[in-house]
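Me: Hey, I've just opened this one and I'm new to it. Can you walk me through what's there?

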Amino acid sequence: MFFEVKKGGFKFELSEPIEVANKGAVEQATRLKLEEPVKDSEYDAIELAQFVTRAGLSVSKIFAGMNQQEEELKAEGEEIIPFHLQDVPDVEKLLKETTGLIKVLKAGDVDIKQFISTGKRLLTTRYSGSKRRICTIDDSEGSAFTPYLFDELSFQDKFCLVASYCVFFGISSIGEPKTISSKELV
Amino acid sequence: MSKRALSLPALIINNITIAIVPGSLTYKGGKIKTNVETVSSGGGKVETVHSRDATEAKSEVKFQMRLTTDVDGKIADWDDNVAENVIIFAEVIGKQKAKRIFEGMSLIDDPERNVSPDGTVELVFQGEQMI
């Protein structure tokens, strides 16, 4: 699922290749490059955050566990740094959290189709005012990942792609005020 | 056994789905032409000589689009992309996906725009033989 994970973004390995038009020919692509949300994508990102939060609340037991962990860390004054801001993101933790989110979404009171559809919009829109796209084809020199190409993905790849994007870029915490750690208060 | 026709395909140019006027899409695969000539060997006897002619073995995709405000921008992009446009059209018929791929396509001619309430523009691409 995760091919290359580093500060600022990651590459997603597809389980099934897709056909991509590149410089007059059709090529097989297996890797997508994902970068952090841009200014104009915030409303789509917050919509995704709503899905994640709603799913978490409806699966209260699982969510309570996650919350507890977060609270414990906050109590110790340790700030939770989203994966894309970490110098060396922990891939195993990322994979674990993505799998956890997928389970929560499946068990929660959330329309998965709508969740994927919102993710599609976020990843394939060329937002006005933005010089770059959030998602590009890594195999073919960064050509655009369009809505047509998203539709060509298998269900598993669509679901995992959107979920992993949410986890890596901490989408669920978008719009929340930043935590002031106890260290800063001293 | 009954069969279903390709009638409402999605047209994709350079990975972007394009909305076209229904029923306006036509294509040629770029088949190598076979010429058949006759030779007379006398006494009313005639034979045929067959030859293959590749001079016109190029594919062609023709379709119409509605004259919306974004059309000129799209046409300019395709026109700049000489020999590098890729056209795919696909239609899911029942459980099967019918797909045609045209690589190395160029927009030929200067398309004529018809400015009217139901205005359309016809575009013709030519390039490599159909895959």
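Me: What sits over the ring of A:F51?
Reply: The charged end of A:R54 does, 5.4 Å from the ring's centre. A charge counts as sitting over a ring if NZ of Lys or CZ of Arg is within 6 Å of the ring centre and within 35 degrees of the ring normal. Before we go on: this is a predicted model, where local features need pLDDT of at least 70, side-chain atom pairs count only at pLDDT 80 or more, and totals for chains, interfaces and linings use all residues. Residues are numbered from 1 along each chain as its sequence is written, chains are lettered from A and ligands numbered from 1 in the order in which they are written, and side-chain values use heavy atoms, with hydrogens and water left out.

Me: Ok. Which rings link into a cluster?
Reply: A:F10, A:F83, A:Y165, A:F168 and A:F169 are joined by ring pairs. Rings of Phe, Tyr and Trp (its six-membered ring) pair if their centres lie within 6.5 Å; planes under 30 degrees apart count as stacked, over 60 as edge-to-face and the rest as tilted.

Me: And how many aromatic pairs over all chains?
Reply: The count comes to 14.

Me: What's the overall layout of chain A, how many helices and strands?
Reply: Chain A has 7 helices and 5 strands. Here helices (H or I, at least four residues) and strands (E, at least two) are DSSP runs, numbered from the N terminus. Reading from that end, the order is β-β-β-α-α-α-α-β-β-α-α-α.

Me: How much of chain A is buried?
Reply: Buried residues are 42% of its 186 residues. Buried means under 20% relative accessible area, exposed over 50%, and partly exposed in between (1.4 Å probe, protein chains only).

Me: In what order do the 5 strands of chain A form a sheet?
Reply: They run β1-β2-β3-β4-β5 in an open sheet, with antiparallel pairing. The edges are β1 (2-6) and β5 (143-144) of chain A, each of which pairs on one side only. Two strands count as paired if DSSP finds at least two bridges between them.

Me: How many bridges between β4 and β5 in chain A?
Reply: Strand β4 (residues 135-137) and β5(A) pair over 2 bridges, in the antiparallel sense. In that pairing A:I137 is opposite A:S143 in β5(A).

Me: What about A:E16, where is that?
Reply: A:E16 is in strand β2 (residues 9-22) of chain A. With 48% relative accessibility, A:E16 counts as partly exposed. The C-alpha atoms of A:E16 and A:S154 are separated by 7.1 Å, although the two are 138 residues apart along the chain.

Me: Switching to charges: how many salt bridges over all chains?
Reply: There are 15. The rule is a side-chain nitrogen of Lys or Arg within 4 Å of a carboxyl oxygen of Asp or Glu.

Me: Which residue does A:D151 bridge to?
Reply: A:K120, with the closest N and O atoms 3.0 Å apart. This pair links distant parts of the chain, as A:D151 is in helix α5 (residues 147-152) of chain A and A:K120 in helix α4 (residues 112-124) of chain A, 31 residues apart. A:D151 is partly exposed at 42% relative accessible area, and A:K120 is partly exposed at 23%.

Me: Now chain B. What does B:D72 form a salt bridge with?
Reply: B:R113, and their closest N and O atoms are 2.9 Å apart. B:D72 is in helix α1 (residues 71-80) of chain B, while B:R113 is in the loop between β8 (96-108) and β9 (120-127) of chain B, 41 residues apart. B:D110 also forms a salt bridge with B:R113, at 3.9 Å between the closest N and O atoms.

Me: Is B:D110 buried or exposed?
Reply: Exposed, because its relative accessibility is 67%. B:R113 is partly exposed, at 32%.

Me: Last one: what does β6 pair with in chain B?
Reply: Strand β6 (residues 59-66) pairs with strand β3 (residues 26-28) over 3 bridges, in the antiparallel sense. There B:K28 has B:E60 as its bridge partner. β6(B) also pairs with β9(B), antiparallel over 8 bridges, and B:F63 stands opposite B:L123 in β9(B).
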